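Dear colleague,

Please find below the structure that I am passing on to you. My notes on it come after the display.

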Amino acid sequence: MNYIDGFRNQDAAARYRVTLAQLGQEWADQGGRACFMEVCGSHTMAIARFAIRDFLPPSVTLVSGPGCPVCVTDPGYIDAAIELAMQGKIIVTFGDMMRVPGSRSTLAKSRAAGGWIESCYSPVTALELARAHPDREIVFLAIGFETTMAPVLAMLDTARRAAIPNLTLLTAFKLVPPVLAALIADPELKIDGFLCPAHVSAVIGAHAYRPFADTHGVACVVAGFEPLDILHGVEGLLRQKIAGHATVDNQYSRVVRPEGNRIAQRLVDHYLMPADVSWRGLGVIPASGLVLRPEFARFDAESRHGLTVQPGRLNPHCLCGEVLKGKIRPVHCSLFGVACHPEHPLGPCMVSSEGSCGAEYRFASGGVTR
């Protein structure tokens, strides 16, 4: 048995099913129903892959939130990246971005049309291209939550110290706590607890969620990605509801510390500052993103290349925005599995394997069940 098998033990999962059923009945006897939200793309995929919802009692609903960084990227950002590619810049991006719809096209289509667009697994690829092609401008598409900021900034730090002159970032960094606050404030949503993201929490620390528990009374559990991690996390959320109190329970202490990763936090604070940014489907959320500080403007693609990211146009038939807010499940979108599927995604949630629609199509619905 390897290390990972211990977190996928079927006998242990069966015991969780019994425990959750007992707790769910106790909660229902009190007249309660609970809606918990996970806000991590890896949680989303694991919940669908391991059929976690089948383990939940009727009194508990588990919905997916805006946990996929690709899914929340505004179409206007894709438009700007395409414009830079058509100007002759070399665009470097994580592969999931290639098929995310902009207002009119995708990066993949722009590459087919002649744009030099490289997909990568590491930001270091952008640095290597900048060194290999000193006569070309390289633009790295810097998207993602707190998890991906430090690796991107470490690459930028290397470029700055090496005086690499032809590398910039087109930033769309986003912060998890502000969007959680926005979701709590939405009167149409009644979220009783957050299954807090594991990777993000490793950077910002479990204490970052205290305001949601202390001020808003929303239960919070930091959980890992494996099925038993998630079941344990849901159990922790349900126990908080039954006990009538809200706190932050760090069940992923093998990775997440209360204070987070101080080294990563210092790197982020050095290069970035808060900004109001637009989330696909959720609109502009105050101070929910980070942009380069003015002293590093020469690494800012918008400043360097005279470009301004404008609001993009959403497909009016795509309900990714409602999916990202947890208001509907993917199967409730009329496009799901019909006009929109992984081979032909019309919305970003179907593009990434960590998107709600993509995960549900691949593992839960078979693409046809509503």
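The model is predicted, so local features need pLDDT of at least 70 and side-chain atom pairs count only at pLDDT 80 or more, whereas totals for chains, interfaces and linings use all residues. Residues are numbered from 1 along each chain as its sequence is written, and side-chain values use heavy atoms, with hydrogens and water left out.

Five strands form an open sheet in the order 2-1-7-8-9, with parallel pairing. (Helices, H or I of at least four residues, and strands, E of at least two, are DSSP runs numbered from the N terminus; two strands pair if DSSP finds at least two bridges between them.) The edges are held by strand 2 (60–64) and strand 9 (248–250); each has a single partner strand, so one side of each is left without a neighbour in the sheet. On average, neighbouring strands of this sheet are turned by 20° against each other, direction ignored. Axes here are lines fitted to C-alpha atoms, for helices over the stretch in contact, and angles run from 0 to 180 degrees between N-to-C directions. Strand 8 (residues 219–222) pairs with strand 9 in the parallel sense over three bridges, and Val 221 has Asp 249 of strand 9 as its bridge partner.

Helix 2 lies across strand 1 (34–38), strand 2 and strand 7 (193–196), and runs at about 120° to strand 1. Seven of the nine residues of helix 2 (residues 41–49) are buried, so this helix is largely enclosed by the rest of the structure. Buried means under 20% relative accessible area, exposed over 50%, and partly exposed in between, with a 1.4 Å probe and protein chains only. The buried residues of helix 2 are Gly 41, Ser 42, His 43, Thr 44, Ala 46, Ile 47 and Ala 48. After helix 2 comes Ala 51, with a positive phi near 50°.

Helix 10 (residues 227–243) lies across strands 1, 2, 7, 8 and 9, running at about 160° to strand 8. Helix 10 also packs with helix 1 (residues 10–29) at an angle of about 20°, their axes being 10 Å apart.

Strand 10 (residues 272–279) and strand 11 (residues 283–292) run antiparallel and are joined by seven bridges, with Leu 292 of strand 11 as the bridge partner of Leu 272. Their hairpin has three residues between the strands, and Gly 281 takes a positive phi near 85° there.

The axes of helix 5 (residues 124–132) and helix 6 (residues 146–161) come within 9 Å and cross at roughly 25°. That makes helix 5 roughly parallel to helix 6.

**Cores and a loop residue**

A nonpolar core is a set of buried Ala, Val, Leu, Ile, Met, Phe, Trp, Tyr and Cys residues joined through side-chain atoms within 4.5 Å. The largest has 70 residues, of which Met 97, Leu 141, Leu 170, Leu 180 and Tyr 209 touch the most other members. Helix 3 (residues 75–86) gives the largest share of this core, seven residues. A second, separate core of 28 residues includes Phe 140, Ala 159, Leu 167 and Phe 299.

Gly 115 is placed in the loop between helix 4 (107–112) and strand 4. This glycine, Gly 115, is buried, with a relative accessible area of 7%.

With kind regards

Technical notes
Contact = heavy atoms within 4.5 Å. Parallel < 35°, antiparallel > 145°, perpendicular 65-115°, else oblique.
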